[in-house]
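Please keep the sequence and the model in view while reading.

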Amino acid sequence: MRHPALTTKDKRGRMGITISHWWKCLPTTYRVQLVRVLAAYFTVILCVVGFNWLLANTGQPQTVAPASASRWLLAGLNRVEASEWGDFRWTDGNSQVCVPDVGTAPRSLVTVRLSGAYARGLGVETVTLQAGMAEPIQVPLGADLRRYTLLTGADHQPGADVCVTIQSVAVRDPNNPRWLGVPFHGLSVLPLTAAGRVIPAPSGLLVGLALAVGWLALLHLSGVPLLLATGLVVAISSLITYTLVGGLTPFGAGTLRWALPMVVGVWSGVIGLAVARRFPLRRSWLAELTVILFWSGALLSAFWLLQQISGHSGVWPLKSRIDPSPTWWVMVPIGCAILWFALGWRWLARPLQPVPVTIYTFIGALFLPLMFDIAVHGLDAPIALFRDSPYEYLRDTPYVFSDPIGFMTNFETIAPMLSVHGSTHPPGAILFLWLIEQVFGPGPVATSWLTIGLTALMPLVAVWLGWRLGGGQLALAAGMVAVVMPGQMIYGVTSLDGVFSLFIAVGAAAFFLALEPPYRLWLAVVAGLSIAAALFMTYATTQLFFFGVAAAAFALARHRQIYGWRMTLLMIVRQGAVAAGVIGLIYLVIFLLTGFNVISAARTATQINGEMMERFREYGPPPTPFLPPSYDYYLRFAAANLVSYLVFLTPWILAALSALYLRARVERWQPMWAALLGSLGALVLGMWLSGLFNREVERIWMFTYPLAAVVTAYYLTNGTIDRRRLIVYVGLTLTFVVIIKLTLYTIW
């Protein structure tokens, strides 16, 4: 017997009954958890919707400058040039400039800045402007820079985008085969909130939701308490909204497209964590290969996406260029590397002492990068950078004038006259090179060799941490991994960043160990001294704040059950206070003796760096030097930095760190290796989101490589060293280094 077809109302009723029955069958604990999860995600969604509505109706203009790196906004314009009125681009007679995702507004003011001085000399007297689908308007060109303001309506702009067409007579340049119309100096679009409410652009709302919900899901799946994760996402969203509403940082016309790599990256992490939790991977070669392939695909996809958005090619965003240098001489360092590794591989099965392991690691760290550099680039390669580069600190030593105290006293005044690196760093590097000249004489030879030697000490930090973490075998394995990591092998012979990183790495390791019982006071002092020395050479040292906070939090969580909350917290605060006190005391003495103020110098260096890197060409300097000039600028380099850094960590090391991350969650971050992994993750995450760096992080973040090497070496242990897996990891890494050496230019 056939039943009559169910109506829509009947179907809804049955669905409601099914859901009600399912809800009643759930245990009370699951019900509470589900309600909390739904409340958290609903709160974030509601906040994002509200923030988008607020931003759309605050009346902040969106600007497209001639120097915009978002090239897809500009059609039919020539390259950027400079004039007495600032940057400009010649139109080609029929050009278009777009500001996307403005929102649907009843009325919008569109302001176009054009100059007629050069155009009038070519016979171009008028220009026709068309905003959106409004009627074209012909206006005369003035002799100087002028603003032309057009009023559009919702029916004159296509949805949330506003495009302006600039048409004029165009003249062929006899010296350069291009068409010259009028000089374009910028465009801004301002929705008129007084004319009515502005509806946010759907694309902006979707990207905002994707980022906020994605970050919440990533934190939630990572084991962060749901309330804390929700609070973090809402607080950061509120802070971003405040900077936008208050005009502290412009949104930037290309922000949404530059946000796509972060959206893809965050949701890739969410999906990866969800799959790993649902289908836990065992330590088999197939599971390991799967994770390596996942990271390889993710990095290649990120490269492709970044290049599609930016319009770059080659190996951007790596700080390199394609420069094939094939040579059979590379077989010599490859053979030496194999012999060096074979010796260490045999030692792993024997009892070990600290001195032989230290000497063995230092020999590999010193000679292997040197041999590869000489084999590929020639005998003078180790001194080429300090000899040939106009950007290095060596040309700044004459400013010391045998008066280091006077140099520090006047450093902020002298800074704009120094080299690129000398002007954007503290005075320590210049004084270091000046001291070398006083002892060994001027020239790049002594400077280069001392720099290389000090950089070779950095893998010893991995040996030190490895020994404290798991004994001699782990120390030796950590040293071997640290030596062959691409960042150490490629940049160990190129610049002072290796010396800077040595002090930062020692400071991080000493502070991490200082938080371990029995809370040795001398380790806190060493941490303070190392960090103070590093801060005297590079402001990147400030990023250790993220590492220190994370290390203290992990130490408190790990040791409170043994020593109690009060005693553990007291000892952690004591160790932190000692380290901070040493740093503060050193810089107080420096200030009293020389007047050098490290905080003021950091502000000056930030301003100089911003002008030098053309950070302000689009939007001008922000109200405070530590804010990005715009959010599209911030997202552009945030994506580039993370991808470049992860490439130099290699997919197989990322696979090892991923496996340990999943294991650390299961073990509630209690083991010492888990605390080191978590602190390293907080350091990289903090540096990435801080926005302090404009690429080059493969070299600048070298101080993280010893920490990553220790954790990776731990992954290769299971009570005893799995030597076969170590051969695979070291072999893959050396192969990757050889490919980079033979195909890319990396002498910076």
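**The disulfide**

A search of the whole structure, which is a predicted model, finds one disulfide. The partners are Cys98 and Cys163, whose sulfur atoms lie 2.0 Å apart. The link joins distant parts of the chain, with Cys98 in strand β3 (residues 86-99) and Cys163 in strand β8 (residues 162-167), 65 residues apart. The angle about the S-S bond is 110°, and the link of Cys98 and Cys163 is right-handed. Are these two cysteines buried or exposed? Cys98 has a relative accessible area of 17% and is therefore buried, and Cys163, with a relative accessible area of 16%, is buried as well. Cys336, by contrast, counts as partly exposed because its relative accessibility is 29%.

**Salt bridges**

Side chains of opposite charge can pair when their charged atoms come close. By the rule applied here, which asks for a side-chain nitrogen of Lys or Arg within 4 Å of a carboxyl oxygen of Asp or Glu, the count comes to seven salt bridges.

| Pair | N to O distance | Relative accessibility |
|---|---|---|
| Glu288 and Arg725 | 2.9 Å | Glu288 11%, Arg725 13% |
| Arg699 and Asp497 | 2.7 Å | Arg699 3%, Asp497 12% |
| Glu516 and Arg558 | 2.5 Å | Glu516 8%, Arg558 9% |

Which parts of the chain does the salt bridge of Glu288 and Arg725 bring together? The side chains of Glu288 and Arg725 meet in a salt bridge, and because Glu288 lies in helix α8 and Arg725 in helix α30 (residues 723-743), the pair ties together parts that are 437 residues apart in sequence. Glu288 counts as buried at 11% relative accessibility, and Arg725 counts as buried at 13%.

Arg699 forms a salt bridge with Asp497, and this pair likewise links distant parts of the chain, with Arg699 in helix α28 and Asp497 in helix α20, 202 residues apart. Arg699 is buried, given its relative accessibility of 3%, and Asp497 is buried at 12%. The two residues also belong to a network of salt bridges in which Asp497, Glu696 and Arg699 are linked.

The side chains of Glu516 and Arg558 meet in a further salt bridge. Glu516 lies in the loop between α20 and α21, whereas Arg558 lies in helix α22 (residues 544-563), so this pair ties together parts that are 42 residues apart in sequence. Glu516 counts as buried at 8% relative accessibility, and Arg558 is buried with a relative accessible area of 9%.

**Backbone geometry in the loops**

The peptide bond from Trp316 to Pro317 is cis, with omega near 20°, and Pro317 is found in the loop between α8 (285-310) and β12 (321-322). A cis peptide bond also joins Pro517 and Pro518, where omega is about 10°, and the place of Pro518 is in the loop between α20 (497-514) and α21 (521-535).

Phe401 has a positive phi of about 55° although it is not a glycine, and Phe401 sits in the loop between α11 (381-388) and α12 (404-409). Because its relative accessibility is 67%, Phe401 counts as exposed. Arg695, also not a glycine, has a positive phi of about 60° and is found in the loop between α27 (672-690) and α28 (697-700). At 17% relative accessibility, however, Arg695 counts as buried.

How values were computed:
Residues are numbered from 1 along each chain as its sequence is written. This is a predicted model: local features need pLDDT of at least 70, side-chain atom pairs count only at pLDDT 80 or more; totals for chains, interfaces and linings use all residues. Side-chain values use heavy atoms; hydrogens and water are left out. Helices (H or I, at least four residues) and strands (E, at least two) are DSSP runs, numbered from the N terminus. Buried means under 20% relative accessible area, exposed over 50%, partly exposed in between (1.4 Å probe, protein chains only). A disulfide is a pair of cysteine sulfur atoms within 2.5 Å.
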